[in-house]
Amino acid sequence: MLFHVLLSLVVLVSVEDASLAASNLQIEDEELTHTEAIRDDEMSQNLTRTNFEQLEKLSNRSRYVARSCKEIQDRYNEHEDGLYFLTTANGMVYQTFCDMTTAGGGWSLVASVHENSIYGRCTVGDRWSSQQGNNANLPDGDGNWSNRNTFGAAEGATSDDFKNPGYYEIRAEDMSVWHVPNNFPLEHWNLAAILRYHTENHFLRLYGGNLFQMFSQYPVRYNVGSPGNRGPAIPIVYDHGDKESTKMLYGPRSRGEFEPGFITFRAINNERAAMAICSGVKPVRGYNTEHYCIGGGGYFYTDQCGDFPSFDWDRLGKEQGWSASKEMTEAAVLLFYR
């Protein structure tokens with residue numbers, strides 16, 4: 001009998017202890033939940049404050065008066081990459097991306113060449129060649145290498161073609177080129193780029209200070225020169241990549257035709273079609289430049305018309321034959337002045 005009484009007391013005490021423990025645990029959970037709520041609220045307030053401060057800083061940039069990113073850097077001591085506002089001589093204000101860190105900074109994004117469909121042949125979206133088909137009666141195509149037409153937005157420069165007034169307005173000395181995978185957000189362009197380089201011999205001084213003036217001297221159109229004829233080939237300084245990695249971005253058959261370490265303008269292929277830019281390379285033999293140069297006029301003789309004319313000649317992205325690599329084919333080409 002005594003055993004049963006003691007057992008009942010033990011059970012009763014155990015139940016009370018368990019109830020007390022559960023009550024304490026519930027209190028602790030409520031305190032923890034309250035603490036987490038306070039912490040989340042503080043984080044939310046800090047994030048809101050940070051976002052507001054960032055937006056305020058970006059908004060303040062609209063007060064700058066400058067015609068290039070180099071002027072912004074020199075006048076306002078800005079050294080952060082990002083979007084800024086520039087003003088033309090006529091007072092037009094536009095937004096672009098400024099690279100304020102590479103090789104001293106001060107680089108103004110003025111254009112991007114983006115291939116929206118490698119399977120298209122001078123179709124809609126091929127603004128740097130022709131959107132009007134492969135037409136011998138339109139040798140200049142859309143003519144955007146040498147006109148004042150503008151299109152696109154700086155923030156979307158890896159998702160579509162882009163050209164701002166700086167392309168023809170800024171008087172520059174050198175160029176920088178970035179190959180950035182399609183659709184990458186602006187804040188990651190620098191790190192995501194598969195190839196980045198710049199010139200440093202001030203070559204643009206000899207050609208009016210920008211590509212608009214250069215391509216007025218070296219028109220990008222069909223039958224404007226003999227096969228192998230080209231405009232200037234300028235030595236480059238690599239910021240990411242090197243000569244060997246540049247070669248590997250193009251097809252194995254193309255590698256036998258060019259010398260890496262240059263940027264070349266207005267190269268004529270064997271069919272007398274003009275490519276606007278050979279990025280990272282200089283054609284030296286063969287002159288099948290449609291496989292490794294971009295942009296052009298409105299007629300390519302064979303079925304090669306487009307912003308990346310014949311980068312997919314053999315098999316897209318398989319680095320076979322004349323085909324450029326998948327990385328190169330699916331990357332936008334960003335053009336900067338300084």
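User: R266 first. Buried or exposed?

Analyst: R266 is buried, at 5% relative accessible area. Buried means under 20% relative accessible area, exposed means over 50%, and partly exposed is in between, with a 1.4 Å probe and protein chains only. This is a predicted model, where local features need pLDDT of at least 70, side-chain atom pairs count only at pLDDT 80 or more, and totals for chains, interfaces and linings use all residues. Residues are numbered from 1 along each chain as its sequence is written, and side-chain values use heavy atoms, with hydrogens and water left out.

User: Where does R266 sit, and what is its phi?

Analyst: R266 belongs to strand 10, residues 262–268. Its phi is near 50°, which is positive although R266 is not a glycine. Most residues other than glycine have a negative phi. Strands here are DSSP runs of E with at least two residues; helices are runs of H or I with at least four, and both are numbered from the N terminus.

User: How many helices and strands in the chain?

Analyst: Seven helices and 13 strands. The chain has 338 residues, and 47% of them are buried.

User: What about its surface and its contacts?

Analyst: Take the contacts with a separation of 6 or more: 61% of them join residues 24 or more positions apart. A contact means heavy atoms within 4.5 Å.

User: Now the largest nonpolar core. Which residues touch the most other members?

Analyst: W145, Y167, M175, L211, F265, I277 and L335, out of 61 residues in that core. Strand 11, residues 274–278, gives the largest share, five residues. A nonpolar core is a set of buried Ala, Val, Leu, Ile, Met, Phe, Trp, Tyr and Cys residues joined through side-chain atoms within 4.5 Å.

User: Pick L211. What is it in contact with?

Analyst: Skip its neighbours within four places in sequence. Then L211 contacts W145, Y167, M175, F265, I277, L335 and Y337. Another core lies apart from the largest one. It has 15 residues, including L83, W189, L334 and F336.

User: Switching to helix 2. Which residues are buried there?

Analyst: C69, I72 and Q73, in a helix that covers residues 69–76. They lie on the same side of helix 2 because they cover an arc of only 100° around the axis. The arc is that of the directions from the helix axis to the C-beta atoms. As background, an α-helix has 3.6 residues a turn, so residues three or four places apart point the same way.

User: What do those buried residues pack against, and which exposed ones are on the face turned away?

Analyst: They pack against strand 1 (82–87), strand 2 (93–99) and strand 3. The face turned away from the buried side carries D74 and R75, both exposed. N77 follows helix 2 with a positive phi, near 55°.

User: How many disulfides?

Analyst: A search of the whole structure gives three. A disulfide here is a pair of cysteine sulfur atoms within 2.5 Å. Counting bonded cysteines along the chain, the pattern is 1-2, 3-6, 4-5.

User: What about C278 and C293: left-handed or right-handed?

Analyst: Right-handed, with 95° about the S-S bond. C278 lies in strand 11 and C293 in the loop between strand 12 and helix 7, so the pair ties together parts 15 residues apart in sequence. Their S to S distance is 2.0 Å. C278 is buried at 0% relative accessible area, and C293 is buried at 0% too.
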